[in-house]
Amino acid sequence: MKLLNKKYAVLILVFVLMAPLGCEKQLDVTNPNNPTPDIVKSEEGMKRQALGLWNGGGGGWWEWVSWTLLEAMGDNVVLPWINFDWNRFFGNIELIEYSDGTAPWSPRMQASPSFSQTQWVNFVNDRQVTGGGYEAQWESAYRFNNEANRILQALDSQGGVPFSSNAQEKEDAYRSWAHFWKGYAYQMVGLFYNKGLIIDEPDATNSDYQNSAQMIEAAQAEYDLALQTASSFGVIASAVIPDIFPTNITTASYIQNIYTLKARALLMSKRRTNITQAEWQQIRDWANQGLMTNDGALVIDSDESTYLFAVTHRWRLATNIWARVSPRVVQVVNENPNGTDARAARFQFDSSGGTYANRVTQPQINSPWLVVAGTPYASQSPGTPQFVVSAEENMLMLAEAELALGNPGTAADWVNQERKMPLQQAGLPDETSVDMTTIRNERKIALFGRALAFYDARRLGEIDSQADGGGVQGAWVYHIDSNQNLVLDSDASLFFDFLSYYDIPAAEQDFNPPVAGTPQQ
Amino acid sequence: MRRLIHTFIALCLMSFFVLEGHAQTANLSGKITDANTGDPLPGANVILKDLNKGAAADVDGNYMISSVSPGTYQLTATFIGYKQFFQNIELSSGTNTLDITLEPDFIGFDEIVVTGAGVATSKKKLGIDVAAVDEERLTKVESYDISSALTGKIAGASITNAGLPGAPATIVLRGINTMGVSRPMIMVDGVEIDASTYESGSSNDLSDRLADLDLSDVERVEVVKGAAAATLYGAQGANGVIQIFTKSGHSGKMQIDASTSWSFDQLNSNRTVEQNTNFHSFPVDENGYIIGMSFDAKNGIWTLPSQEPNGVTDNPYIGYINQNGEKVPLSVYNNRIEDFYHTTATQNHDISISGGNNRSTYLISGSYLDQNGIEPKTGFNRLSFRLNTDTDIRDDLRLSLRTNYLNSDQFGATESGDNVESGLNTLLTTQPFIDVFRRNPNGQYAPKFEAGSVSTNPLFFKDIQDLKTNTNRFIGSGNLNYRPSKILELNYRFGLDYYYSQFDRVQKNAQGFEDPTTTEDEIVILQADGFVNRIGRTNWRYNSIADATLRTDFSRDFKIDVPIESTTLFKFDWRKNDYQSTTAEGTSLPFGIDLETLRATSNPQIDEYKSTFVTYGFLVNQKFEYKQLLGISGGIRADKSSAFGRAADYSYFPRGDVYLRISELGFWEPLVNRVTDFKIRAAYGEAGTQPGAYDRFVTLDQALIGSQGTFNTSGTASNPALGVEKSKEFELGGDIALKFDGNWFQTIGISGTYWNRENSGAIQSIDTAPSIGALNILTNALSLSSDGVDLSLNSLVFFNDNWNWRTNINFGNAQTKVKSIANHQDLVLEPTSSFRYIFREGEPFGAFYGFKPLASVNEIDPTTGERYIPEDMVNNYVLVDGAVVNRFNKQIQFRSQQELIGNPTPDFTMSFRNDFQIKKNLDVAFQVDWVQGGDIFNATKWWMFNSGVNKEFEDKVLIDGGETVGGPLYDGQGNPTSNISTVNGSEPQAWRNYHASKRQEATPYFVEDGSYVKLREVSISYDFSSLITSDLVRYLRFGVSGRNLLTFSGYSGFDPEVSGQAQDVRYRNLDIFTYPNYRTLIFKASVGF
């Protein structure tokens, strides 16, 4: 009895003491669900990372937010919603003056409290307010940049990436691809914010802020690096361009895309009045090497189950959920002095019910116009491409450069050619000579929905205050008269008074304040 | 570590030398009865302390201890709810008899507890605060789950119940200790079980694995509330521990206990949230009929005209001119809430059979609950089977097995807690003239009510969608207890908690409805062509716990003549959790064919996730006790876990406690008749909270573009340096027992504890510079400090042969502050658009922030140093109800920086409970819970203000000195605007603008005091067994009881008991179309044979 007791005791004791020895190994778990970043140093990992870059920019969500804002601030769309502080931040127009001049109507006075846009920006650029729209472009850009840096880090790592074949060509191509996206990211920052950062390491940052001009220079430098090794792009094209995208990007068209973006970066980063003749020639030179057909243009597309620009969020102009078409865009296609623009049929008037009626509190800012579903501007169906870069943009840049260089006839040729592009089919008679108004209007309609509207409005001075000579005249504005009828005033004036460049988002500044001596804008 | 092992070996070896044998044997038997009633006490324990040997009384109260050596022994008898019995007894060889009567312990000071103490210990000899609730109090009023049964019964525990059946309650023990879910560790019979929650419809409608447990099996619940008492549980004990003990069988003849109950649940609201049903702002013709409005009888959808842009005319809902130019009268509906939330019946049945002989006992039980939620198509069913056995394999070796099979079904809700998709939102914001319950001639509900609206008709939605979480679960544990000598006890326990829980969401193809969706995008949650979503979750949780307890008495075992007893506990505790989930989704079900499987969908997608978590720890704890007077103990626990890997160091959690029973000191002698017990105690302990299984791993995200796999950086950066959240708690308390002669206040017990807790390294994802490529980083971000007081008073208020009145009062108060944040930046959390909780250093935890109105036209903006309102504009503003209002647009002006506008933490929570027993047969009990303070952000009202449909929009407001109510709107130049129409010459009104401006952002207008007093429980029951002549029936009881029957509160929403967002303590007291709580009336019959 006594002995047995001891045996049991010893058995249990041994178990208790041995247990931890057996347990130690169990502590070394690995996460079976996702790979570590080192995976990029393998060929398959590199391939997936280089493709994953499309997702890195925020998986559509932030892209959609920032693109929508850029369209709204350029008066291509109107946003009736408070989400992201849209309707207060960007719908906060300085003044609307009706054609009879007697009823100047200030949207700002209707806001509470009545802030100028500058004040709203100060208010919104605060993490405690999380005016998401403000920082979307920054976050999206630096996520692209980070993904690109991870690719470069793997390529530069000791031993590099062990490619199975065509090693040098693949390395060159991935390197070019990474620099291309770094250029795109820096351009996103340099065109919108006062200051930006140049960051060349993954998962890292610095406080050496550059001004917007320096960011554009950095973007051009990255595009140049991309061009240096672009000639082997073809070997990775099928790996990095999603197979759901409709266009086949060859080495040649890849290079054309880069030149179009270089021309865009230069054109959009300056006030039109400040561009020198040499710069116009540079724009023309780059654009001449840019896209002439949309066959090889970089587009974004979605299929039924996966998306980049989410079908649920992107350009739901046809469904009046998030944004509606600015009456000034509709005005362009309806008031072409040269004839009837077939593109007018892409818009439909809908003031009854739906979001419009529910949110109509400021009809002067809101709009009764929708996009007709299935037109090139908007679709809820997967498989309808959304443009990043287009031949239309390239041609209109050529037209503008030629006009600035004193060749209105050549400019007209480009406009005529652009209007005949498959997605335009404007059906307008050819023009023999064009002026800036024509090009401006053509940009508004042909490049609708491509996130260029704010930059156009800025470089042409439209966003400036009334006192600074900004605004648009002869514009379509709706209001409700005393009989409750929705009335179109087709000769009103709008003054926006928006900022040209925006401060570093608070999300960045709070954690990464600019060091002393950082260049001022 | 090695030293610990050596110490343990030494202690164990020591025990073998003091083992002793015996030749002649003595037996002891007798009967244990209640000192007051004389009733037998089956299950009461008798132990010969010196031998560590005992027996339990059978159903007739008889006990028998056999085969011990003759000699003198210390005998103790214990039973739950009774005072401990001590006696020295001399046993001669042969049979000895001792009948024992136990005195009821009305104040619980003599209670034996295990949780937190490690070794079963009388509360008299504890330096820590352990709360215990027995079966009687838990089940007097039927509850469907353990959380609601515990509500109000533990001082310092704040339990907020959810309305959705099977959904989790938010349990906070003594203030907030972690960022996220504060649920304590849940143990059943000594092993930890999984108490996760999963989405069952939306992120606010959860399915709770704690709700699986069947309350009828529960004998007792013990609660330790924080680190001071929870160090034994190491890196997982920081939120406290709730330990549930299930019933055991008693030796003796078989007993059968059965009960059945029918209960009725209904909306717990004395009032309801009301709409503005008097005025509208649609355009009208000269007779007041709305123009531009139409109704499609086929699909039930209205097309509404634009509302007037600013202000309203005071037009009543007379009628409208339809598309054919006919005048159609309109009436308003104001009883939608009552029509949507039904009174529902719930049934609950249980039976248990128990018995055994003097070596083994068994208990078999089964129960079935069928609960119907007050919202249509919600509910909870549970089937439970249990088999508990206890077997004395030998006199010194006992095997206890606990097995429980559970099967539960939760039928989910539709997106409560959401401002767009919830049914409640639709009911409360739909125009009041719309008949939401209308079915079209085909018997179908309208898919939505307003063309262009993003809200779906919840009834339509419920018609086409089924939400269910089914859980199949086995919880089992085995405990082997070995007492090889009078000083050593070895115990090994293994536990397994396995479940497979499957969430199913099937939505039929809705093409059969006329225009189910004008476009797919318009109805956010409604995929018109249907979908199937299944999530299967498998979880295995293993516990393996070995402990050794060494109890020595210095005079007895070492012949040292000091009255000191020593207890040493050594414990090794290993736990593992394997989790796997498989998600499958497919869209587009065929129309008109009853196929609901993924196979029928057009493009099913599958995803899988696995995780493994392993942790183990050692504990050593040493306690010395000097007579009945003084006890002191100290210990340390060391933990490792796979969340940190093998290479990481142990996390150490020290503890210590001391008590002094002043009433045992000599000078107390004259007082002891009045103050029978007076103890002071203090304890310190540390405990932790583990991070997620893979939180420290830096990985790339995976996704698909088309069919191609991709990697990209996660938006939330990982932190390889992540550590355990540590909580350090100090508590200081006292227990005092008073006694009075006569029938009144025979005994009063008061326990009080002051506690203070510092939590460091609470894990939270905080913002980081986006330029690093991620938006935030998961890190040990916050330090929190809390303190508070727990008080409880128990009293036998009155006692005589016919009457017995007991009172229990619990009081708890806890305040938590954010002590520091890693990056010293405010942490801003925005659970719903524009409503923010801001965590700011030095400020209360989880407070609401928003914009306060300007109180004076001369206020200065502190951020700019400039006036909010320029001096030359001052005349454009007037003061209304203390707020500056723009005279032109009637809008309230707000400050530009966010300030604290509300704190959800209550000042205190309190409960009063009274139990009466009248003539032994009639039981009456009631419990009143009082929560004082604690703000609620009424986001339901806030969103109704957004739509302008709240009742308050009917309130005319005096602006501009009151000469005109409202007055016209003006433009920026001071001219009346042309935007207001006048109808029948009536004055255009603008108070609507005033009301609407309250809701620019979160503002104090929506912060309400959440204080309430609730009649939580009330019950009357009568035992008819005395009327039955048969001996067969032990009891036959019928009762009527109620839960949450009455609520008194100034809160204007449905119920001030707001379960908040997914039991996350960061988002407390946010009432946003939350599934409302219910009240219950219960009829119950129970019988015992």
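Predicted model: local features only at pLDDT ≥ 70, side-chain atom pairs only at ≥ 80, totals over all residues.
Residues are numbered from 1 along each chain as its sequence is written, chains are lettered from A and ligands numbered from 1 in the order in which they are written, and side-chain values use heavy atoms, with hydrogens and water left out.

Let me begin with chain A as a whole. Chain A holds 19 helices and 11 strands, where helices (H or I, at least four residues) and strands (E, at least two) are DSSP runs numbered from the N terminus. Of its 521 residues, 63% count as buried; buried means under 20% relative accessible area, exposed means over 50%, and partly exposed lies in between, with a 1.4 Å probe and protein chains only. If we take the contacts in chain A between residues at least 6 apart in sequence, 74% of them join residues at least 24 apart, a contact being heavy atoms within 4.5 Å. Chain A exposes about 17900 Å², and carbon and sulfur atoms supply 50% of that area; accessible areas come from the Shrake-Rupley method with a 1.4 Å probe, and for residues only the protein chains shown count as cover.

Now to the helix pair. How do H15(A) and H17(A) lie relative to each other? Helix H15, residues 391-404, and helix H17, residues 436-446, both of chain A, pack at an angle of about 170° with their axes 10 Å apart, where axes are lines fitted to C-alpha atoms, for helices over the stretch in contact, and angles run from 0 to 180 degrees between N-to-C directions. H15(A) and H17(A) are therefore roughly antiparallel, given that angles under 35 degrees count as roughly parallel, over 145 as roughly antiparallel, 65 to 115 as roughly perpendicular and the rest as oblique. On the H15(A) side, the residues that meet H17(A) are A:Leu396, A:Met397, A:Ala399, A:Glu400 and A:Leu403, and their counterparts in H17(A) are A:Met436, A:Ile439, A:Glu442, A:Arg443 and A:Ala446.

H17(A) is largely enclosed by the rest of the structure, because nine of its 11 residues are buried, among them A:Thr438, A:Arg440 and A:Lys444. The cover over these buried residues includes H15, helix H11 (251-268), helix H16 (408-419) and strand E7 (347-349) of chain A.

Next, the salt bridges. In one of them, A:Arg264 pairs with A:Glu393, the closest N and O atoms being 2.6 Å apart. A:Arg264 lies in helix H11 and A:Glu393 in helix H15 of chain A, so the pair ties together parts that are 129 residues apart in sequence, and both residues are buried.

In chain B, B:Glu729 forms a salt bridge with B:Arg757, with the closest N and O atoms 3.2 Å apart. Because B:Glu729 lies in strand E41 (residues 725-738) and B:Arg757 in strand E42, this pair ties together parts that are 28 residues apart in sequence. B:Glu729 is buried at 0% relative accessibility, and B:Arg757 is buried at 1%.

Strand E42 also brings us to a backbone angle. Most residues other than glycine have a negative phi, yet phi of B:Phe745 is near 50°, a positive value, and this residue is found in strand E42, residues 744-767. B:Phe745 is partly exposed, with a relative accessible area of 34%. B:Ser588 likewise has a positive phi, of about 65°, and lies in the loop between strands E33 (564-587) and E34 (605-626) of chain B.

Finally, which residues form the nonpolar patch on the surface? They are B:Trp262, B:Phe264, B:Val1040, B:Leu1081 and B:Phe1083, with about 430 Å² of accessible area together. Patches are made of residues with over 30% relative accessible area and no salt bridge, like charges being joined within 9 Å and nonpolar side chains (Val, Leu, Ile, Met, Phe, Trp, Tyr) within 5 Å. Strand E20 (252-267) and strand E62 (1078-1088) of chain B each give two or more residues to this patch. B:Phe1083, in strand E62, is partly exposed, with a relative accessible area of 39%.

Technical notes. Salt bridge = Lys/Arg side-chain N within 4 Å of Asp/Glu carboxyl O.
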